Amino acid sequence: MDKRLGNKNLPDFKELNDRIIAEASDEPILVIKTNLDPKDATEDNPYFNESNREEFTSFFEES
């Protein structure tokens with residue numbers, strides 16, 4: 001008997017291998033965007049390289 005609730009077509013959470021689940025922070029975090037921040041998320045960003053340009057632009061794109 002399947003005890004899962006919700007959509008039966010979705011994989012079980014334990015089977016997902018395309019995500020990283022980070023541990024919660026022990027301390028509160030405050031993130032503030034200012035007018036001094038660069039307009040382009042790739043500027044002076046140590047985690048950026050040309051191979052992940054599309055990911056960066058789509059993630060940091062304002063809606």
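## Ground rules

Because the model is predicted, local features need pLDDT of at least 70 and side-chain atom pairs count only at pLDDT 80 or more, while totals for chains, interfaces and linings use all residues. Residues are numbered from 1 along each chain as its sequence is written, and side-chain values use heavy atoms, with hydrogens and water left out.

## The chain as a whole

Let's start with the overall picture. The protein chain has one helix and zero strands; both are DSSP runs numbered from the N terminus, a helix being H or I with at least four residues and a strand being E with at least two.

Of the chain's 63 residues, 8% count as buried. Buried means under 20% relative accessible area, exposed means over 50%, and partly exposed lies in between, using a 1.4 Å probe and protein chains only. The accessible surface comes to about 6,900 Å², and 53% of that belongs to carbon and sulfur atoms; such areas come from the Shrake-Rupley method with a 1.4 Å probe, and for residues only the protein chains shown count as cover.

## A buried residue in the helix

Now find F56, which lies in helix 1, residues 53-60. Is F56 buried or exposed? F56 counts as buried because its relative accessibility is 11%.

Which residues does F56 touch, leaving out those up to four places away in sequence? They are A41, T42, N45, Y47 and F48, where contact means heavy atoms within 4.5 Å. F56 and A41 are 15 residues apart in sequence, and their C-alpha atoms are 6.9 Å apart in space.

## One salt bridge

The structure holds one salt bridge, meaning a side-chain nitrogen of Lys or Arg within 4 Å of a carboxyl oxygen of Asp or Glu. E50 forms a salt bridge with R53, and the closest N and O atoms are 3.0 Å apart.

## A residue before the helix

Look next at D44, found in the segment before helix 1. Phi of D44 is near 55°, a positive value in a residue other than glycine. D44 is exposed because its relative accessible area is 73%.
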